[in-house]
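Dear colleague,

I am handing over the structure below, and I would be glad if you looked through it alongside the notes that come after it.

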Amino acid sequence: MANYSTNQFKNGLKVMIDGDPCSMVDVEFVKPGKGQAFTRVKMKNLMSGRTWERTFKSGESVEGADVMDTDMEYLYNDGEMWHFMDPKTYEQVAADQTAIGDAHLWLKEQDACQVTLFNGNPISVTPPNFVELEVVETDPGLKGDTAQGGSKPATLQSGAVVRVPLFIERGEVLKIDTRTGEYVSRA
Amino acid sequence: MSDTPQWNSAAPIENLRRRAAIIAAIRAFFVGKDVLEVDTPVMSNAAVSDPYIDTIECRYQPLVGGDVEMKYLQSSPEYAMKRLLASGSGPIYQISKAFRNGEVGRRHNPEFSMLEWYRPGFDHRQLMTEVAELLLPLLGLSEAVEYSYAQVFKTHLGIDPHSACVAELRTIAAEHIDSNYEDDNRDNWLNLLMSHVIEPRLASEGAVFVYDYPASQAALAKVSEDAQGRAVAERFELFVHGVELANGYHELTDATEQARRFEADNRQRGEENLPQRPVDDLLIAALENGMPDCAGVAVGIDRLVMQAIGTDNIADVIAFPLPLA
């Protein structure tokens, strides 16, 4: 990978820090009036998710990281790994528990999602902001109770449990916001 | 539509109105105190010597299409204003553009606006009082606190910045800052700690003057002894909400010492592989002729407007920052 000098730093640039791929979240030029210039970067470690600040002397360079966000289709889970396919190249990759994180709660087969690859291997998976999933288990709905508040748990086909209004029935398809894990509406 | 270049002002027009009102208030302040407004060259034959201020070079052709003479866009009007003081101007101020290579970021634009003024008969502490008198009302602040450079290092890092060695500064820096930074210049470590650890902690105190800098950071200030007998530069900076806003000196008037500092700057430039700068013989000649004892200060106008508006982005107060210039 290419090296990047401080003047090429920008938000979103992926670089290697202490052996891990990291993403620049915020890049700030710091220059005491009469002193040397520095570049202070809020960095996110893409393996651990940790964010912290690191300071570079002006002109210092760092190695780029081979990290790519790729749109992929979720295929299936074999009990250990989650499998994805690039719909353009038909190339397949498998994500382990660490890489998939909580994303598996929102995935159903053939859904599109974003897979972050480091040296070709998945390190994280981001589901779409909104997904549609079927209710496989919930207490029976209360007839006519469509206006009043109140909620109950419902288990979705992906295994996630979300709070839903009382009138929702088993077998219905719901729209869920994956960023908050909350019910939005019937699909 | 997405291909249309950004042609319109980066700063909202209402911010430009605020900027104009602040500049009008500055002019009214100096008119009221009988301080003369002056106008010195933006393009000059000499550049400042400070190792970490890089002047933008420009090419002047006395005969169009002929030989090129190297000129410099000023990074500060200080040398020319001192020549005016030595010419008998009395108190003077200037609002001008200044230019610096490499300084671009949230709080920096390579072309920026500077207010600079000089007060014969003042020392740096007296000038701090006048800086507060002008700026605090513009910022909606009622008072400023004052700490010596030694005090802020003692309070926030527990060290004496006038005596701590490089090894000690490196250890302290490693406790607070993640970096591969390495240097054997003490002042570079002090600047790192000041900008990364102390400045952010001053943010909650509103307006803070820091004065009596280490003698090694005197730049163009006189050096004297503080109450503890340490050599200190009669220099101050003003930080507002943790942002460096002004830098002032009880000005050096000794031509021999000035020439020695120019040479020291160029020696440091040589050691760090930075370009050499021609010594400004005209400033040295002015000091030899005699410049009145005075204090002077530079204030970043863009940052002043940023603070008055409450934004941390310089593009909010400049119509066309460099990428759009």
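The centres of domain 2 and domain 3 of chain A, taken over C-alpha atoms, are 26 Å apart, and in this predicted model five residues of domain 2 of chain A are in contact with eight residues of domain 3 of chain A. According to the domain assignment, chain A is divided into domain 1 (3-63), domain 2 (67-126) and domain 3 (130-186).

Chain A also has an open sheet of five strands, which follow the order β14-β13-β12-β15-β16 with antiparallel pairing. Because β14 (161-165) and β16 (182-186) of chain A stand at the edges and each has a single partner strand, one side of each is left without a neighbour in the sheet. From one strand to the next, the twist averages 55 degrees. As background, the strands of a sheet pair through backbone hydrogen bonds, and they may do so in a parallel or an antiparallel way. Here, strand β15 (residues 173-177) of chain A is joined to β16(A) by four bridges, the two running antiparallel, and K175(A) stands opposite S185(A) in β16(A).

In chain B, please look at helix α3 (residues 124-139), whose 16 residues reach 21 Å from the first C-alpha to the last, close to the 22 Å expected at 1.5 Å a residue. At E133(B) this helix bends by about 25 degrees, and a proline, P137(B), follows within four residues. The buried residues of α3(B) include L127(B), V131(B) and L134(B), while G140(B), which follows the helix, has a positive phi near 70 degrees.

Methods: Residues are numbered from 1 along each chain as its sequence is written. Chains are lettered from A and ligands numbered from 1 in the order in which they are written. This is a predicted model: local features need pLDDT of at least 70, side-chain atom pairs count only at pLDDT 80 or more; totals for chains, interfaces and linings use all residues. Two strands pair if DSSP finds at least two bridges between them. Axes are lines fitted to C-alpha atoms, for helices over the stretch in contact, and angles run from 0 to 180 degrees between N-to-C directions. The expected span of a helix is 1.5 Å times one less than its number of residues. The bend at a residue is the angle between axes fitted to the seven residues ending there and the seven starting there. A residue is buried if 20 or more other C-beta atoms lie within 10 Å of its own, exposed if 12 or fewer, and partly exposed in between; C-beta atoms are placed from the backbone. Domain bounds come from an automatic or database domain assignment. Two residues are in contact if their C-beta atoms, placed from the backbone, lie within 7 Å.
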